[in-house]
Amino acid sequence: MPSILYREALNQALREEMRRDDRVFLMGEEVGYYQGAFKVSKGLLEEFGEKRVIDTPITELGFTGVGVGAAMMGLRPVIEMMTFNFAILAMDQIVNNAVKIQYMSGGQFRVPMVVRGPGGPSRQLAAQHSQSLESWFCHVAGLKVVAPSTPKDAKGLLKSSIRDGNPIIFIEGQELYSQKGEVPEEEYLIPIGQGEIKKEGSDVTLIAWSKMLHLAMDVARDLEQKGVSVEVIDPRTLKPLDVPLLVSSIKKTHRAVIVEEGWRFCGLGAEISSILYGQAFDAFDAPIERVTGIDVPMPYAKNLEKAAIPDKERVMAAIKKTLN
Amino acid sequence: MSPQEEKHLLSQMLLIRRFEEKAAEMYSLGKIGGFCHLYIGQEAVAVGAISALLPEDYVVSAYRDHGHCLAKGSDPKKVMAELFGRIDGLCKGKGGSMHFFDTATHFLGGYAIVGGHLPVATGVAFALKYQQKPQVVLCFFGEGAVNTGAFHESLNLASLWKLPVIYICENNRYGMGTPVERASSLYNISLRGSGYGLHLEQVDGMDVLQVRESVTRAVDRARNKQLPSFLEMRTYRYMGHSMSDPSHGHYRTKDEVEEQKKRDPIQQFFKKLSAEKVLDEQTFKKMDQKIQQEIEGVIAYADASPFPPLNTLTTDVTVEGTR
């Protein structure tokens, strides 16, 4: 199996889906001639032309709304947010239009569109360009939220998202674009709503997604040397969440730690904790631990930034707490 | 225009008027809930504009959408049933007054965030061009929407990409209770679109024929040259912003409303047709009686329709599979 970069896997997904279905088009800032701020759309303009790879002015609300209207008319827009921080400007289109039109119209109209782009804190980009907003989207009834952590997952999930009949928020890890991983050469899809055990273990379940999955794997490998068996689960799709997979793991390990970069208050980890307590309360030998971002806007200073997001030591400490 | 067509325009305006009067009555009886924004006074805009379209063209509207939906050809029975929140409503009772949708008539929705539907209409036009279809889209909104970013982003994109969309601003002088002079840096709303190179027109929105002529020109540009237009229709609403405020409100005088009623689009048009001997007082009265009878049937239909079964609460949130 060839090993390719996360950004290349996404590029392959877009290319294959655009070849398969001429209703699919890519729209966003710098997706065409610049080939994408993070080079996800490299070569697509050359292959598909200006009709289907569309550079927009800096107008997130406007072009996201254009995507909504186009989707209602039977097209399959993929809307690129240069970063998900800018999706805040398009929140009205996503929350009030994309996700509600199907319901408000009594099922007469569908809005099959993907809003994708990088998310998550990244390298001293400071408060307005460095944050995890997945909990915001997960809160909205009807929105599906996908956050892949590996090249293989990124490709299979983006292809499924483009084919889905609903609006999908597809958050790529800004720090993951240069991650390498094996990706099958043949066509494959990964179903939306299906998590994956990234490492089997028996003492504690570590739940993490996107960039944090890699931190979790790092911690699990270290603890393995010390005789602690950590099971690492990547939900991959944050909504709908693969609850049966999580519950079966808890029934095996009896302990859980959730790692997320987003803010703690009303964070996704709180919801996952509540679900797991509700469905597997008797299985727990220790309270669930949550390792989260600190409830502050992201600072610029390198040392403060490091302190604001989960690190190895905090995850180790949380695991230790559940084991004692 | 043939006398037959002229009479049709008149009867459509009258249908919207009588429908809305009845809706007001039903609201006060508690049959209709939520917000209910009536269109009375503005009928010439919906009827004139939509009469310039082909049935397969598209319309997108805002929260004051009853008139547009009826003019586009939706069944008044289903429209009223939607207001009643019943299963036989246009949207199975899930949309209500502000969110009508009708695939059958290519009515692409009523949207209730001011300005938020302009990018959607722009996207519909984008899709029409992408699919190389000959249709056009009309997008209605009030003068309040021209101050939002969505308006400016949409006009820029439509003009930049040469999309077949006609933006129709219904300047009824008040954004809820705030007169346009206190909300917009220019009273001449049509000039608000002048930075984007679209075709601009300002029209007497109380004159159904002027509206129709202006929109016909814009439709021609959209259909044959794929160029967008921005039309300002000067009109007036007789009722309050919604059913929750009295007709004149505390932000305008009764005298002002009475003065504006002298321009009534239905009366004006009837007088014109009468002078041209297209129809007389007697025929007009008969037309009105027939419409009022029809509205009685509409009410009976809506009232007889059941409330949506509870198992529909969670349907149509997401769909299974692909499309």
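**Figure 1. Packing of helices H1(A) and H7(A) in the predicted model.** In this predicted model, H1(A) packs against H7(A), a helix formed by residues 151-163 of chain A, at an angle of about 30°, and the two axes are 8 Å apart. H1(A) is therefore roughly parallel to H7(A), since an angle under 35 degrees counts as roughly parallel. The crossing of H1(A) and H7(A) is right-handed. On the side of H1(A), the residues in contact are Tyr6(A), Ala9(A), Leu10(A), Gln12(A), Ala13(A), Leu14(A), Glu16(A), Glu17(A) and Arg20(A). H7(A) contributes Pro151(A), Ala154(A), Lys155(A), Leu158(A), Lys159(A), Ile162(A) and Arg163(A). By residue type, this contact of H1(A) with H7(A) comprises nine nonpolar, one polar and six charged residues. In general, an α-helix has 3.6 residues a turn, so residues three or four places apart point the same way.

Figure 2. Asn11(A) belongs to helix H1 of chain A, which covers residues 6-20. The relative accessible area of Asn11(A) is 10%, so this residue is buried; the cut-off for buried is under 20%. When neighbours within four places in sequence are left aside, the residues in contact with Asn11(A) are Val40(A), Ser41(A), Lys42(A) and Leu44(A).

Figure 3. Pro240(A) is located in the loop that joins strand E12 (237-239) to helix H9 (243-253) of chain A.

**Figure 4. Two residues of chain A with positive phi.** Arg123(A) is not a glycine, yet its phi is positive, near 25°. This residue is part of the loop between strand E5 (114-119) and helix H6 (134-138) of chain A. Arg123(A) has a relative accessibility of 63% and therefore counts as exposed, the cut-off being over 50%. His254(A), likewise not a glycine, has a positive phi of about 65°. His254(A) lies in the loop between H9 and strand E13 (256-263) of chain A. With a relative accessible area of 27%, His254(A) is partly exposed.

**Figure 5. The interface between chain A and chain B.** Chain A supplies 49 residues to the contact, and chain B supplies 42 residues. Between them, the two chains bury about 3700 Å², of which 64% is on carbon and sulfur atoms. Within chain A, the residues that lose the most area to chain B are Met73(A), Tyr103(A) and Met104(A). Together, Met73(A), Tyr103(A) and Met104(A) account for 21% of what the chain A side buries.

**Figure 6. Helix H2 of chain B.** H2(B) consists of residues 43-50 and is mostly covered, with eight of its eight residues buried. These buried residues are Glu43(B), Ala44(B), Val45(B), Ala46(B), Val47(B), Gly48(B), Ala49(B) and Ile50(B).

**Figure 7. Val203(B) in strand E7 of chain B.** Val203(B) is part of strand E7, which spans residues 199-204 of chain B. Its relative accessibility is 6%, so Val203(B) counts as buried. Apart from neighbours within four places in sequence, Val203(B) is in contact with Gln210(B), Val211(B), Ser214(B), Glu232(B), Met233(B) and Arg234(B). Val203(B) and Pro76(B) are 127 residues apart along the chain, and 28 Å separates their C-alpha atoms.

Key. Residues numbered from 1 in each chain as written. Chains lettered and ligands numbered in written order. Predicted model: local features only at pLDDT ≥ 70, side-chain atom pairs only at ≥ 80, totals over all residues. Heavy atoms only, no water. Helix = DSSP H or I, 4+ residues; strand = E, 2+ residues; numbered from the N terminus. Buried < 20%, exposed > 50% of the residue type's maximum accessible area, 1.4 Å probe, protein only. Contact = heavy atoms within 4.5 Å. Axes fitted to C-alpha atoms, helices over the stretch in contact; angles between N-to-C directions. Parallel < 35°, antiparallel > 145°, perpendicular 65-115°, else oblique. Left-handed = near helix turned anticlockwise from the far one by under 90°. Nonpolar A, V, L, I, M, F, W, Y, C, P; charged D, E, K, R; others polar. Buried area = accessible area lost by both parts, 1.4 Å probe.
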